[in-house]
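This briefing is for a reader who is meeting the structure for the first time. It begins with the chain as a whole and then takes up the sheets and the helix pairs.

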Amino acid sequence: MPLLNPLLNLGILAHVDAGKTSLTERLLHTAGVIDEIGSVDAGSTTTDTLALERQRGITIKSAVVSFPLDGVTVNLIDTPGHPDFIAEVERVLGVLDGAVLVVSAVEGVQAQTRVLMRTLRRLRIPTLVFVNKIDRRGARDTAVLDQMAERLAVPVVPMGTAAGLGTRAARFRPGLGPAALEALADRDDGLLAAYLDGTVPEARLRRALTARTRDASVHPVYFGSAITGAGVPELIGGIERLLPPAAGDPDAPVSGTVFKVERGPAGEKVAYARLFSGTLRVRDRIPFGDGRRGPGAEGRVTALSVFEHGTDTRTDSAGAGRIVKVWGLGGIRIGDALGAPGRSYEPHFAPPTLETVVVPGPGTDRRSLHLALTQLAEQDPLIGVRHDEQRGETSVSLYGEVQKEVVQATLADEYGLDVTFRETTTLCIERPVGTGHAVEFNKKDPNPFLATVGLRVDPAPPGAGVAFRLEVELGSMPYAFFKAVEDTVRETLGQGLHGWQVTDCTVTMTHCGYSPRQSHAHQGFDKSMSSTGYDFRGLTPLVLTEALRRAGTLVHEPVHRFRLEAPADTLGALLPVLARLGAVPENTGTRATVCVLEGTVPAARVHALEQRLPGLTRGEGELETAFDHYAPVTRGTVPQRPRTDHNPLNRKEYLLNVTRRAGERTTS
């Protein structure tokens, strides 16, 4: 159902430095939202608000800004282009109605361009292409179109031609040529018949273009310059006419998705959400959650903002199609659904495969550091924070080295904390290789806990994650005890036999038992004779670890798929280096004077390959890598990860740690 006041939630995506943020500034200026165009180089852009964004001239956090067109209000989302911040892009994709993919007329199709277009195609997001920088020396038009056809392998429809390439006078000449008709006729039987008859009216062609763009079958291409403004009015016309406005029933139950969380000036959580249906109002009580954390939470909306005319404006209510900022939901997290389950949030990119220890500088309080990192992880859930109490160390998981700089600068600028990092290491996982079962019974040695817990671990297919099942009656003991076991199972699987997260398995509870509530005459509840959640939380890691030991686990390392383009005469130097780094070329091809290698390489070796590539290829090599799968570690010693739990692998040490903790809680 279309909205009364059409809205369009639009994403701008590109390889780093292709000109996304400059295009955003130009769009806002053309729409009359800003009086002066900001400069990336000068650090004066509207959407890059972080100090580090302004210093480095790159976008790190997605930003939302709104502007009106004649027939539609656009919520424009400027997204990062650097691969280290792909999680930011991921979260935006699920809330878009359409996208503009920016390609440089000088550099052409780049590694991240390919990754983004593949994802946009998979999600069937209607996408326009803007070939930017036609005013720069070395700009190309038909060569870039050919690159898109070859390297992106998508149907494109040129919306005109570029004139005066490589000069400040470069401009865009709109007009649909024969290539447009051929691309559309291939996907429209009625148009094809008219084409063969030689009768295709302009209006018929444009209707077909709109329909095929909106179903993501074709991608219109505009040429222009965000700096000079060439081609931007035509792009704006395409955004208005060709991309589908937001749909949703404002009278239906509220359903939305949270794609960003930040902290307000007073430390309060502020959630950015796309509303797919319903109307959200201030003072509404709204359920939220991701479906993976058990029963969802609920909170009262204390304030709302919507985006209008270049800024966010407080409002009492917001309807379907809107992007809103929501206050009052204290436990909200990125990926949570608001209200009735609607579109499920599915990650489209792999989690980070690198980890580093954060080292506090002189005068930096470790507790303050841990709190700050925890808050950063709230804003980016794929940055996992792991605290080792015994060593007093905190580590974070990352996508790449640039992300380290961002974390370091954010801690310094926003929290006043000085930190450095240890060397980055690779994050592995463990998978069970067989079936293992263990059980300990209540009041039977050597079990010191008032609980019976039996668990069986079975391997599951790769990518299955962790499932928890019951082979006992749910009513055979209080539900809280079952919940304590399940929660503890999931927590314990965070560190397997070698210290890595255990995944792709099913854990089944085979035995259960407890001591009913006991009390003495004239006295209260006697927990020394009655089971509590503590007993089940204490016993479960011992039973689960023993079951894992009997099943056995295998450590798997992350493996990336790579695509490498380099001058053909450098192949002889490249192949031995790839072999030494453990890379396995699977496909080799040549195109004129360029060789193309595709294959796999261990994630731990990607950084070394990136460093070696310029010297091996005279600076002309281009490497594209993306996580592909986990593979068993077959070379060298099995990597171990230091434990941060109470080490249930060592029963004596574990019981000492757990009972000491219990004593501390009792006396405090």
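The model shown here is predicted. Its chain has 668 residues, and 54% of them count as buried. The secondary structure comes to 16 helices and 34 strands. Among contacts between residues at least 6 apart in sequence, 72% join residues at least 24 apart.

- Four strands make up an open sheet, with the order S26-S27-S30-S28 and mixed pairing.
- Strand S26 (436-440) and strand S28 (466-470) are the edge strands, and each of them pairs on one side only.
- From one strand to the next, the twist of this sheet averages 15°.
- Strand S27 (residues 451-459) runs antiparallel to strand S30 (residues 505-514), and nine bridges join the two.
- Within this pairing, valine 453 stands opposite cysteine 512 in S30.
- Helix H12 (residues 479-492) packs on the sheet and touches S27, S28 and S30. The direction of H12 makes about 155° with that of S28.
- Helix H13 (residues 533-551) lies across S26, S27 and S30, and runs at about 35° to S27.

**The contact of H12 with H13**

- The crossing in which H12 passes H13 is right-handed.
- On the H12 side, the contact is made by Phe481, Ala484, Val485, Thr488, Val489 and Thr492. On the H13 side, the residues are Gly533, Phe536, Arg537, Thr540, Pro541, Leu544 and Thr545.
- By class, the residues of the contact of H12 with H13 are seven nonpolar, five polar and one charged.

**The eight-stranded sheet**

- Another open sheet has eight strands in the order S14-S13-S19-S10-S11-S18-S15-S16, with antiparallel pairing.
- Its edge strands are strand S14 (297-300) and strand S16 (311-315), each of which pairs on one side only.
- Two bridges pair strand S13 (residues 285-289) with strand S19 (residues 337-339) in the antiparallel sense.
- Glycine 289 has alanine 337, in S19, as its bridge partner.

**The contact of H14 with H15**

- Helix H14 (residues 571-580) and helix H15 (residues 606-616) have axes that come within 11 Å and cross at roughly 165°.
- H14 is therefore roughly antiparallel to H15, as angles over 145 degrees count as roughly antiparallel.
- The crossing of H14 and H15 is right-handed.
- H14 contributes Ala573, Leu574, Val577, Leu578 and Arg580 to the contact, and these meet Leu609, Arg612, Leu613 and Leu616 in H15.
- The contact of H14 with H15 has seven nonpolar residues, two charged residues and no polar ones.

Note on methods. Residues numbered from 1 in each chain as written. Predicted model: local features only at pLDDT ≥ 70, side-chain atom pairs only at ≥ 80, totals over all residues. Heavy atoms only, no water. Axes fitted to C-alpha atoms, helices over the stretch in contact; angles between N-to-C directions. Parallel < 35°, antiparallel > 145°, perpendicular 65-115°, else oblique. Left-handed = near helix turned anticlockwise from the far one by under 90°. Contact = heavy atoms within 4.5 Å. Nonpolar A, V, L, I, M, F, W, Y, C, P; charged D, E, K, R; others polar. Pairing = 2+ DSSP bridges. Buried < 20%, exposed > 50% of the residue type's maximum accessible area, 1.4 Å probe, protein only.
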